[in-house]
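Subject: Structure for your review

Dear colleague,

Please find below the structure that I am handing over to you. My notes on what was found in it follow directly after.

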Amino acid sequence: MSSRGPYTPGPKLRPRVGQPQVPPIHDGGDRRSTGRLQMVGAQKIAAFCTQCRSRCGCVAVVEHGRLRGIEPLPDHPTGQALCPKGRAAPELVYHPDRVTRPLRRTQPKGAADPGWTPIGWDEALAEIAARLSDIRAAHGAEQVAFSVTTPSGSHISDSISWIERFIRAYGSPNTIYGTEICNWHKDYASRFTYGHDIGTPDFANTGCIVLWGNNPAATWLARQVEIQKGLKRGARLVVIDPRPTALAKRATQWLRVRPGTDQAVALGLANLLISSGRFDRAFAATWTNASLLVRADTGRFLRESDLRADGRTEILFSHTGDGGDLLPFDPARGSWDSGSTTPVLRWQGTVQTLSGPVLCHTALELFARAAAEFPPERVAEVSGIEPADLAKAADIIAGAPSVSYYAWNGVGQSVTATQTDRAISILYALTGSYGRKGGNVPGGAASFVDISGQDLLPTTQRDKALGLAERPLGPGLQGWVTARDVYKAVLAKAPYPVRMLMSFGTNLLVSQPDTETARKALSALEFHVHADFFVNATARYADIILPAATSWEREGLRTGFDGSLEGLRHVQLRPPVIAPVGEARSDTDIVMGLAARLGLGDRMFDLDADRGHDTALARTGLTVERLRRSPEGIVVEGAVPVDAQAIAQDGHPRGYPTATRKIEIYSERLLLAGYRPIPDLDAGDLVPAEPGYPLRLGSAKSVAYCHSQHRNIASLRRLVPDPIVEIAPADAAARSIAQGDWVRIRTPTGDAVARAALVPGLASGAVFGQHGWWVDGADGTPYDRTHPLAANLNGAIGTERADPVSGSIPLRCSWCEIEKMAH
Ligand code: SF4
């Protein structure tokens with residue numbers, strides 16, 4: 001059995017496996033008000049599912065006021081298919097374990113039974129508001145931390161802007177958002193290179209699709225549909241993934257990378273493109289900072305002020321090549337004072353400065369040298385990818401008329417995540433496809449106003465974000481902090497105490513590593529509030545639980561569906577299709593209720609959600625009222641603009657929102673913060689192997705579940721009844737492990753149980769478990785009612801090493817051993 005101590009589950013833990021929860025139909029209708037809808041008899045209501053990032057357009061079938069199911073809505077940009085999770089909506093909504101009233105703990109934390117007692121909303125909100133007010137007055141708003149579950153995998157996406165706005169209006173810079181292990185790298189680390197996020201792939205027009213650590217077949221159904229269409233049209237496909245996913249098997253070239261070594265692969269591919277000259281030179285010269293000169297002595301760009309006493313610091317230089325001249329570059333205009341002269345992309349030479357001769361290199365020269373450290377043979381050694389396969393992938397990418405790509409968790413959950421993203425982004429920039437037809441397009445179809453209240457958090461409070469001092473360019477800049485920094489603040493009171501936690505749908509015990517520290521921190525909080533559908537493993541430590549409404553019970557605004565560029569034009573206001581179950585309220589209503597009691601109404605659009613949504617829509621000409629008259633959504637005019645290459649009014653390229661107005665192959669911003677300006681890599685960057693732990697451990701998602709949710713949904717649990725760990729047949733045979741055997745996954749810091757799934761084609765030495773298990777299994781399984789967390793994979797992941805920029809931890813590249821259990 002697990003090395004952990006016994007675990008005492010709460011009274012509502014057991015999944016209702018084998019008991020489909022279909023609501024009864026009451027003849028004669030159930031006349032209940034949803035606030036905006038009066039539903040009598042059968043109805044089909046245009047809607048969209050918010051359970052995951054796909055946000056599939058659908059029709060909600062409602063009979064007598066009760067949700068009976070959802071069906072595809074084929075004319076909707078994401079409505080062509082639905083997954084089992086979406087179809088299980090009625091089971092979720094009417095599950096007997098739903099929290100339907102506010103609950104108060106009446107027994108001490110750690111007691112076998114928390115003694116949940118129903119209380120009224122007024123009592124609950126008044127007490128929470130009083131605690132929030134008292135702590136802010138006595139100690140500062142930073143001593144209250146919040147946690148918010150992922151909008152990419154939960155119903156919270158309807159309310160995320162409102163929750164963030166409330167937190168910032170209240171004044172806390174500390175929200176555990178999980179961004180460093182989820183979206184930060186594609187959405188924010190990409191800005192170190194592009195100035196934008198990764199953008200939306202133009203699958204409809206591309207010549208080549210690259211999927212890097214991203215398996216939309218399991219996580220993003222609408223994207224999967226678009227990819228299938230692209231492949232049918234003839235696009236080529238390159239997949240970089242350790243696992244033989246369905247798309248990997250269909251790929252023109254699959255690169256079976258060892259977990260955690262993707263940066264070496266990106267550098268190796270870039271090396272093949274640069275050394276053979278097969279990259280878009282014109283794009284690199286015009287739209288990247290490839291040609292800018294970097295001083296070898298300081299690592300800074302060469303500036304006019306380096307050359308002349310009256311020179312300007314903002315003017316930088318390129319060069320025309322050996323025997324040529326310096327070419328001044330003005331970032332404010334995004335252009336060179338060069339006439340028809342073209343800057344050279346690769347050059348090194350000495351430049352006479354005020355302090356003497358200084359060796360300079362172009363940015364591309366420096367990157368090319370870092371990439372040249374990874375010839376195919378070395379890439380093979382590090383990543384396990386055969387040189388011929390790497391070469392074929394390079395040929396496909398270089399030969400494609402356009403390339404679109406996506407990279408997500410597979411590269412984001414590692415200790416080199418930020419620099420891996422840099423290497424992939426620069427490789428992509430060399431294809432010349434960023435911001436072009438058939439490539440990844442930044443921005444949306446229309447300009448929506450961000451109402452998440454970034455402007456409401458004063459700089460003095462923002463600067464107090466936990467972990468910001470250690471990671472000055474990381475998620476702390478947005479007020480997003482890591483769970484482990486909050487645990488430290490709770491337990492060690494460093495750099496200051498965190499006294500209260502208010503959670504919206506999170507499950508820190510299993511979605512984050514280091515479960516034991518989490519347990520101690522949750523037990524030590526002065527006050528803990530949790531809003532959710534169910535009392536999950538983490539909620540059991542709360543003092544007050546608030547019943548949250550599912551998306552089917554509340555209104556939701558979506559400004560673009562990013563499965564495709566066309567989908568970005570679709571704006572929809574989903575009505576509540578049924579009345580709230582019990583006393584459940586939307587997260588938006590919850591924060592509005594707290595804002596009212598805290599006197600923050602003026603910062604929350606006078607507590608009028610419609611006003612906030614109208615503000616979000618203001619630049620588009622749409623209004624809430626107009627969207628309500630068109631529940632199936634409205635398509636905004638015009639195509640998604642390719643903003644970066646537009647020409648500004650002064651006649652110069654608008655450029656990219658970076659310091660140099662170019663895609664940054666060389667990042668002075670990273671340099672000045674103490675990081676590497678070029679994403680070079682040495683062996684010490686990777687998680688070192690541990691003696692006795694020869695297998696590389698990652699985790700992968702299942703189509704049946706989102707993160708730690710849904711194990712209590714009977715129809716989904718039947719699809720995946722137990723946690724599994726994928727292992728290559730040869731690695732299993734070496735350990736006498738057969739298909740379906742119960743095994744223990746051991747790491748230097750913990751262990752978890754799972755059933756072995758032998759997967760032919762999985763990279764040798766790689767194993768993939770599933771995170772998010774916290775419910776008990778069937779009788780006879782090794783994670784029964786006394787040990788439901790025995791299957792919690794993240795409990796076995798250490799936090800000693802983290803990405804130095806973002807704080808990401810090696811959830812996909814730790815080391816482990818696997819052994820068959822006697823069980
Ligand atoms: S793929 Fe996601 S959004 Fe679509 S039906 Fe399934 S859970 Fe809902």
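Between domain 1 and domain 3, the C-alpha centres are 45 Å apart. The domain bounds come from an automatic or database domain assignment, which lists domain 1 (103–183 + 447–554 + 572–623), domain 2 (185–279 + 372–441), domain 3 (281–368 + 655–672) and domain 4 (688–820).

Please note that this is a predicted model, in which local features need pLDDT of at least 70 and side-chain atom pairs count only at pLDDT 80 or more, while totals for chains, interfaces and linings use all residues. Residues are numbered from 1 along each chain as its sequence is written, and side-chain values use heavy atoms, with hydrogens and water left out.

Ligand surroundings

Cys49, Gln51, Cys52, Ser54, Arg55, Cys56, Leu82, Cys83, Lys85, Gly86 and Leu221 surround the ligand, where a residue is near a molecule if one of its heavy atoms lies within 4 Å of it. This shell consists of 6 nonpolar, 3 polar and 2 charged residues. In this scheme Ala, Val, Leu, Ile, Met, Phe, Trp, Tyr, Cys and Pro count as nonpolar, Asp, Glu, Lys and Arg as charged, and the others, Gly among them, as polar.

Helix α21

Helices (H or I, at least four residues) and strands (E, at least two) are DSSP runs, numbered from the N terminus. Helix α21 (residues 587–598) has 12 residues and spans 16 Å from its first C-alpha to its last, close to the 16 Å expected at 1.5 Å a residue; the expected span is 1.5 Å times one less than the number of residues. Because 9 of its 12 residues are buried, α21 is largely enclosed by the rest of the structure. Buried means under 20% relative accessible area, exposed over 50%, and partly exposed in between (1.4 Å probe, protein chains only). Among the buried residues of α21 are Ile590, Val591, Met592 and Leu594. The buried residues of α21 are packed against α3 (121–138), α4 (160–170), β21 (500–504), β22 (527–532), β23 (544–547) and α22 (609–617). After α21 comes glycine 599, with a positive phi near 70 degrees.

Strand β10 (residues 236–240) is largely enclosed by the rest of the structure, because 4 of its 5 residues are buried. Two strands pair if DSSP finds at least two bridges between them. Strand β9 (residues 208–212) pairs with β10 in the parallel sense over 5 bridges, and cysteine 208 stands opposite arginine 236 in β10. Strand β11 (residues 253–255) also runs parallel to β10, joined by 3 bridges, with isoleucine 240 opposite leucine 255 in β11.

In the loop between β9 and α6 (216–219) lies asparagine 214, which is buried at a relative accessible area of 7%. Not counting residues up to four places away in sequence, asparagine 214 touches Thr219, Asp241, Tyr406, Ala407 and Trp408; contact means heavy atoms within 4.5 Å.

Backbone points to check

- The peptide bond from alanine 494 to proline 495 is cis, with omega near 0 degrees; proline 495 sits in the loop between α18 (483–492) and β21.
- Histidine 707 is not a glycine, yet its phi is positive at about 50 degrees. This residue, histidine 707, is in the loop between β27 (695–699) and α25 (714–719) and is partly exposed at 22% relative accessibility.
- Serine 736 has a positive phi near 55 degrees. The loop between α26 (729–733) and β29 (742–747) holds serine 736, which is exposed with a relative accessible area of 55%.

Yours sincerely
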